[in-house]
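Please read the following report alongside the sequence and the coordinates.

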Amino acid sequence: MKALIPSSVPSLSNIPKALHNSTFSKPKLMNLQSSPIPSWSLSSTYHKNTLTPFKVFTISSPSSSTVSTENTPSPPELEDEKFDWFSEWYPVMPVSDLDKRVPHGKKVLGIDVVVWWDKNESSWNVFEDVCPHRLAPLFDGRIDRLGRLQCAYHGWCFNGSGHCKLIPQAAADGPPVHTLKKACVGVYPSIVHHDMVWFWPNTDPEYEDIITKKKPAFIPELDDPSFSKVFLSRDIPCGYEILIENIMDPAHVPYSHYGIFQIDEPPEVKVDREGGKPLEISVNQLDINGFLGNHERKIVEAGSANWLKTCFVPTKSDAFVVGFRRWLKKYSGGQIDWGGKFSTGTLPLTPPREQLMDR
């Protein structure tokens with residue numbers, strides 16, 4: 001999304017100087033672009049030549065948009081298309097979180113995947129997390145002595161191309177059943193980019209070379225040697241749209257994260273002790289590549305399609321949030337496409353407050 005600039009997981013674009021002045025040497029950035037992710041890795045980026053941290057948050061998601069609040073002009077309506085959630089690159093895990101000695105399981109966009117290191121090809125692979133034999137999860141398996149991914153249930157082994165190389169139970173002098181197509185594991189296109197493993201959520205062979213046609217979002221600072229970056233991961237019990245909406249809302253920071261940032265505004269300028277103030281934020285275009293959500297249960301009860309009627313967002317500081325909801329409604333029917341894996345409107349039980357607020 002070309003709304004704010006980044007630094008955490010996937011993402012991209014540039015943010016206005018609307019964010020308040022704090023101890024940051026540069027404005028905070030948040031940005032979303034090209035692919036949404038239900039799993040979040042956050043990272044901080046620091047410029048080596050300054051004493052103050054330049055912190056950025058990033059997320060991959062749709063592109064940018066123009067929003068309309070009470071004081072901002074309505075954006076131009078572009079052609080009506082449908083956003084394809086399964087035709088985007090998604091970050092899976094930072095390489096720093098991965099151990100080359102074992103496979104790792106992850107759920108991204110409702111898809112169960114297994115990430116493992118193929119020492120024979122010196123590459124990280126992303127497979128469907130299911131053994132074709134008896135559908136056991138491969139992330140519970142191991143890397144065998146020959147560097148193959150081995151299912152822990154019956155020992156079937158797979159190489160980096162997903163081909164089965166060993167079925168221990170098959171007779172040595174019998175038919176080579178391990179060479180049959182049904183013995184293969186689905187392989188997702190994958191790449192290491194910005195020190196993270198990314199994957200394309202489609203195992204169809206036609207996407208094998210998708211990286212030559214479409215690349216993951218690029219954030220220059222994450223490859224700039226004058227910056228250092230730190231990754232951290234955390235499971236957050238909320239919907240994807242709620243988290244995106246929160247990250248696109250800089251006005252909440254001095255209140256929800258009270259005490260974290262030093263506000264340099266002189267006393268006579270401050271509206272209150274936290275330093276909240278009007279933010280000049282606007283978005284200039286709403287298209288298929290671009291914008292999604294806070295108290296999730298209340299939004300679900302009201303219905304996502306009624307978001308703009310239920311929430312009162314009269315200031316420019318809400319521009320990105322409004323733009324995101326407009327994008328979601330226009331190009332994705334107000335909800336995420338989970339590939340039919342989850343029913344709409346259902347939420348898991350809310351964990352105890354002690355667990356929910358544990359940071």
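The accessible surface of the chain, computed by the Shrake-Rupley method with a 1.4 Å probe and, for residues, with only the protein chains shown counting as cover, comes to about 18,500 Å², of which 52% belongs to carbon and sulfur atoms. The model is a predicted one, in which local features need pLDDT of at least 70 and side-chain atom pairs count only at pLDDT 80 or more, while totals for chains, interfaces and linings use all residues. Residues are numbered from 1 along each chain as its sequence is written, and side-chain values use heavy atoms, with hydrogens and water left out.

Of the 359 residues of the chain, 47% count as buried, where buried means under 20% relative accessible area, exposed over 50%, and partly exposed in between (1.4 Å probe, protein chains only). The chain holds six helices and 15 strands, taken as DSSP runs numbered from the N terminus (helices H or I, at least four residues; strands E, at least two).

Helix α1, residues 240-247, is largely enclosed by the rest of the structure, because seven of its eight residues are buried. Those buried residues are Y240, E241, I242, L243, I244, E245 and I247.

If a disulfide is a pair of cysteine sulfur atoms within 2.5 Å, the count comes to zero. C151 is accordingly in no disulfide, with the nearest cysteine sulfur, that of C131, 3.9 Å away. For C184, the closest cysteine sulfur, in C164, is too far for a bond at 7.6 Å.

| Cysteine | Relative accessibility | Class |
|---|---|---|
| C151 | 3% | buried |
| C184 | 25% | partly exposed |
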